[in-house]
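Subject: Handing over a structure

Hello,

I am passing a structure on to you, and I hope you enjoy looking through it.

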Amino acid sequence: MAISESPEIIGATAMTTAMAADYGDSVRRRASAAGGATVRASTSSSMAEESEDLKKVSNGEAGDRIVDGADNNDSERNNSDNVNGEGEAKVVNGGGAQDFETAIRYSYRPSSPAHRKIKESPLSSDAIFRQSHAGLFNLCVVVLVAVNSRLIIENLMKYGLLIRAGFWFSSKSFRDWPIFMCCLSLPIFPFTAFLVEKLSQRRRISDPVVVLLHILISTITILYPVFVILRCDSAVLSGVILMLFACTMWLKLVSYAHTNYDMRAIAKASIKEDELLMELPYDVSIESLVYFMVAPTLCYQTSYPRTACIRKGWVARQVLKLVIFTGVMGFIVEQYINPIVQNSQHPLKANLLYAIERILKLSVPNLYVWLCMFYCFFHLWLNILAELLKFGDREFYKDWWNARTFEEYWRMWNMPVHKWMVRHVYFPCLRNGIPKGVAVLIAFLISAIFHELCIAVPCQMFKLWAFLGIMFQVPLVLLTNFLQRKFQSSMVGNMIFWFIFSIFGQPMCVLLYYHDLMNRIGKSS
């Protein structure tokens with residue numbers, strides 16, 4: 001509340017009344033612009049009446065037109081309206097008219113209390129979360145940009161541009177043609193799964209045979225890329241992309257088989273005994289399977305919520321952002337992460353303080369790359385794909401950065417995988433009498449196996465670092481849940497999450513896999 005605009009109205013006191021009486025001779029009532037006459041209040045009765053008016057002003061009966069918030073704006077508008085062509089502004093007081101200047105004169109007396117309520121400082125522990133911190137957030141962004149700009153300039157001046165000419169593409173990429181051919185041949189397996197479901201719908205094969213065939217198809221979907229990568233001397237990045245593609249297809253095939261199995265059971269329960277030889281009444285179409293295999297989801301449905309049109313301009317902007325952030329990732333990897341990793345030692349074999357220094361130095365650029373990777377894939381790429389396919393449900397992630405526990409993080413950061421786990425692992429386990437804790441452990445075990453496959457197979461070594469990193473989060477789930485119940489604070493668990501996940505966990509895994517990979521390459525050469 002600006003002091004120069006709206007007075008603070010306080011409780012009436014005897015001193016205010018006395019001062020009003022002392023100044024009574026100088027108080028003049030002003031008539032409207034039409035009358036234009038000024039009458040001096042000379043009688044004692046008029047002085048008493050004015051004193052009562054001032055007491056009403058001090059008590060706040062008329063102050064609502066002058067004080068806090070939106071009412072202050074109303075007073076200013078009334079003031080400006082009355083001043084224009086009609087003399088000075090008026091303040092309504094119980095049907096009478098009190099001079100606005102007089103109200104201001106007596107409301108800002110030195111004896112008026114300036115402190116009337118119990119209030120907390122904005123940054124105190126009781127009030128900090130009730131305040132808006134948008135300005136501090138803007139300050140952090142400005143400082144972050146300034147500091148990192150200085151570091152980038154200093155790095156370029158000291159080491160020069162370290163990005164190699166063949167970073168994006170080189171003649172060695174042609175060695176990965178078996179990887180490319182494997183990617184092109186993987187769609188054979190969804191088509192085979194469709195034939196199995198079609199035969200089952202027409203009652204040509206029994207349910208146990210259907211289950212066995214789906215297990216065989218999904219298993220080959222994983223083993224086939226593993227065999228190709230291990231047999232070929234391909235680049236690590238190409239192998240990672242192929243394994244991610246194969247694991248995604250495996251998850252989709254499991255959902256396709258599981259969902260059709262459930263729809264088949266519902267269809268059998270809905271038909272009569274004399275219709276047992278007929279084709280089961282549930283949808284098995286190649287169109288729905290093709291759309292599912294390219295859609296940004298891991299859960300099969302016969303239909304999905306769809307948008308009305310494709311926003312071509314929006315897609316172009318997202319593609320541009322994808323190119324920019326991919327370039328930023330490449331720059332950080334080549335300019336910062338590679339030199340740090342190459343100048344480090346194996347974290348389990350080096351001096352403890354040296355290993356901690358390397359991990360902390362690697363943590364910041366690694367965090368930037370991981371955040372850029374998340375933004376590029378989960379926000380930009382999946383939204384581009386959803387827009388092109390008119391896929392309506394685009395909740396690919398939630399606000400995982402506010403996660404108070406590791407359990408919340410796993411529920412929010414990758415919504416397609418979370419929905420798949422809930423639909424095809426967690427609740428099926430509960431329906432079969434498996435305890436909740438065991439069901440959660442099974443979900444973590446599946447995630448750990450696929451993380452290890454996506455890293456160990458392209459690196460052609462099985463050290464189980466990724467597997468152990470995922471399974472280590474199971475006790476962290478219990479720990480952060482306990483701390484959340486004990487302290488009822490969102491900051492404790494969130495800080496543990498950021499420290500373990502970004503400052504310690506990922507840089508440690510990068511150093512471990514890099515040095516083990518270099519040792520393997522050195523021994524093979």
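Here is what was found in it.

This is a predicted model, in which local features need pLDDT of at least 70, side-chain atom pairs count only at pLDDT 80 or more, and totals for chains, interfaces and linings use all residues. Residues are numbered from 1 along each chain as its sequence is written, and side-chain values use heavy atoms, with hydrogens and water left out.

The largest nonpolar core has 75 residues. By nonpolar core I mean a set of buried Ala, Val, Leu, Ile, Met, Phe, Trp, Tyr and Cys residues joined through side-chain atoms within 4.5 Å. Buried stands for under 20% relative accessible area, exposed for over 50%, and partly exposed for anything in between (1.4 Å probe, protein chains only). The residues with the most contacts inside this core include M243, W400 and Y409. Helix α9 (residues 236–270) supplies the largest share of the core, 10 residues; helices here are DSSP runs (H or I, at least four residues), numbered from the N terminus. Another core, of 20 residues, lies apart from it, with L322, I332, C372 and C376 among them.

Next, the aromatic rings. There are 33 aromatic pairs, counting rings of Phe, Tyr and Trp (its six-membered ring) whose centres lie within 6.5 Å, with planes under 30 degrees apart called stacked, over 60 edge-to-face and the rest tilted. One of them is the tilted pair of F191 and F194, at 6.4 Å centre to centre and 35° between the planes. These two are 3 residues apart in helix α7 (residues 188–201), so about one helical turn separates them. F191 is partly exposed at 45% relative accessibility, while F194 is buried at 11%. Y409 and F501 also form a tilted pair, 5.1 Å centre to centre with 55° between the planes. Because Y409 sits in helix α13 (residues 406–412) and F501 in helix α18 (residues 490–524), this pair ties together parts that are 92 residues apart in sequence. Both Y409 and F501 are buried.

How many disulfides are there? The count is 0, taking a disulfide as a pair of cysteine sulfur atoms within 2.5 Å. For C183, the closest cysteine sulfur is in C182 at 6.0 Å, which is too far for a bond. C372 is in no disulfide either, as the nearest cysteine sulfur, that of C376, is 6.2 Å away.

Happy exploring!
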